[in-house]
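Please look at the sequence and the structure together before reading on.

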Amino acid sequence: MNASKDVLTSVLHTAQMGISGIEAVKHKAQNSELRQFLQDQQEQYSSIEAESMSLAQKKGWQLPHRSMMVDHMSCMMAKCKTMMGEKDSAIAD
């Protein structure tokens with residue numbers, strides 16, 4: 001795999017992880033400004049994901065899927081951190 005494809009794969013996976021992480025906690029946000037920020041951030045990650053996939057398609061690249069185990073563990077960690085205490089602080093962290 002060449003360096004450009006590796007970088008694009010990393011960008012794609014990072015955006016997808018951001019989408020998943022926000023999805024796991026956004027419904028727990030209590031502050032309306034934080035909820036709006038999370039929505040905006042998720043839309044930006046979605047845009048990056050779409051652009052990354054489009055670029056890969058134009059290049060004729062098949063990008064590897066991210067590890068579902070890593071994704072699952074990340075979402076579980078986010079949910080655990082927001083179970084108790086100040087949820088907005090935990091989400092912002």
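A search of the whole structure finds one salt bridge, a term that here stands for a side-chain nitrogen of Lys or Arg within 4 Å of a carboxyl oxygen of Asp or Glu. The partners are Lys 26 and Glu 23, whose side chains meet with 3.6 Å from N to O. Side chains of opposite charge can pair when their charged atoms come close.

The model is predicted, so that local features need pLDDT of at least 70 and side-chain atom pairs count only at pLDDT 80 or more, while totals for chains, interfaces and linings use all residues. Residues are numbered from 1 along each chain as its sequence is written, and side-chain values use heavy atoms, with hydrogens and water left out.

The table gives the relative accessible area of several residues, where buried means under 20%, exposed means over 50%, and partly exposed lies in between (1.4 Å probe, protein chains only).

| Residue | Relative accessible area | Class |
|---|---|---|
| Lys 26 | 23% | partly exposed |
| Glu 23 | 44% | partly exposed |
| Gln 42 | 8% | buried |
| Ile 48 | 36% | partly exposed |
| Asp 71 | 11% | buried |
| Met 83 | 56% | exposed |

Read along the sequence, the pattern is α-α-α-α.

Which residues does Gln 42 touch, not counting residues up to four places away in sequence? Gln 42, placed in helix 2 (residues 32-59), touches Ile 19, Ile 22, Glu 23 and Lys 26, where contact means heavy atoms within 4.5 Å.

Asp 71 belongs to helix 3 and, leaving aside neighbours within four places in sequence, is in contact with Met 17, Ser 20 and Arg 66. Asp 71 and Ile 19 are 52 residues apart in sequence, yet their C-alpha atoms are 10 Å apart in space. Met 83, in the loop between helix 3 and helix 4, has its C-alpha atom 9.2 Å from that of Lys 28, although the two residues are 55 apart along the chain. Among contacts between residues at least 6 apart in sequence, 77% join residues at least 24 apart.

The largest pocket holds about 400 Å³ of space. Here a pocket is an open set of points on a 1 Å grid over the protein atoms alone, where a 1.4 Å probe fits, with protein on both sides within 12 Å along at least five of seven lines, and lining residues have an atom within 4 Å of a point. Its lining comprises 18 residues, of which Gly 21, Ile 22, Val 25, Ala 78 and Ile 91 lie nearest the centre. Helix 1 (3-25), helix 2, helix 3 (68-81) and helix 4 (87-92) each give two or more residues to this lining, and helix 1 gives the most, with five residues.

Finally, the overall extent can be described. The C-alpha atoms fill a box of roughly 45 × 25 × 15 Å, taken along the principal axes, and of the 93 residues 31% count as buried. The protein exposes about 6400 Å², of which carbon and sulfur atoms supply 57%, with accessible areas taken from the Shrake-Rupley method with a 1.4 Å probe.

How values were computed:
Helices (H or I, at least four residues) and strands (E, at least two) are DSSP runs, numbered from the N terminus. Grid points are joined across faces, edges and corners, and a volume is the space filled by probe spheres set on the points.
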